[in-house]
Amino acid sequence: MSGKGYTITMAVLTVILLSLYVLRAVLGSYYRNWLAACVQGCDPEAYEAIAQKKLAGLLVPPFNLHYMRLNLNMMLEKEKETDQEFDFLLAMSTGKAMRREVVRKAYYYYVKRRDGKRCRLLLDELLTFAQGEEAKECELLYDIYILKKSSHIRELMEGIEELPPAQRAVNEYLISLQYENQSKTDLAREYEELSRHHIKEVVERE
């Protein structure tokens, strides 16, 4: 093959490869957006119909497929299916950022379910990378939800009236849980109502 013929051949191959790359990127984005729409619409049947397509399996990374399915199951409050997706994602070999995202999401999910066994393992891993306020918050939630302590009432009450409504609502709810841990039903109910009031205030401002 002459030098000119070789140059033309390489140019054609380059164009073909670039076209395939662009096509793959466009189709991959199309399938991801399609799947995301199913999650937003809380439509598990449509999600699975798309996820099972061969092209979806080829173009959408497994992490994305399972992470979106996880979010859908959480929205639908399907505990068994959510557990399965968390187990899959936590066992998957991923980049550091993805791993940390899943660990954080799993911890906050299981602490609210008061799953002490799972939370202990997740908290141990969280504390290897969480710092400052994040680490403090994770340990505080473990104390209140899992260990059922009530030793954080005073610190959560401090300056509560000056907090933005969203943060105030969070503190009030955590105070309510601690009074519940103490079997002080009236105080627990009082702070739960205060929390709801400030959540409503935040929503109405949106």
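His66 lies in helix H4, helices being DSSP runs of H or I with at least four residues, numbered from the N terminus. The model is a predicted one, in which local features need pLDDT of at least 70 and side-chain atom pairs count only at pLDDT 80 or more, while totals for chains, interfaces and linings use all residues. Residues are numbered from 1 along each chain as its sequence is written, and side-chain values use heavy atoms, with hydrogens and water left out.

His66 counts as buried because its relative accessibility is 16%, buried meaning under 20% relative accessible area with a 1.4 Å probe and protein chains only. Leaving aside residues up to four places away in sequence, His66 touches Glu85, Phe88 and Leu89, where contact means heavy atoms within 4.5 Å. Glu85 is 19 residues from His66 in sequence, and their C-alpha atoms are 6.4 Å apart.

The axes of H4 and H5 (residues 79-91) come within 9 Å and cross at roughly 150°, axes being lines fitted to C-alpha atoms over the stretch in contact, with angles from 0 to 180 degrees between N-to-C directions. H4 is therefore roughly antiparallel to H5, a term for angles over 145 degrees, just as roughly parallel is for those under 35. Among the H4 residues that meet H5 are Phe63, His66 and Arg69.

With H6 (residues 96-112), the axis of H4 (residues 62-75) comes within 13 Å and crosses at roughly 15°, so H4 is roughly parallel to H6. This contact includes Tyr67 and Leu70 of H4 and Val102 and Tyr109 of H6.

Conventions:
Helix = DSSP H or I, 4+ residues; strand = E, 2+ residues; numbered from the N terminus. Parallel < 35°, antiparallel > 145°, perpendicular 65-115°, else oblique. Buried < 20%, exposed > 50% of the residue type's maximum accessible area, 1.4 Å probe, protein only.
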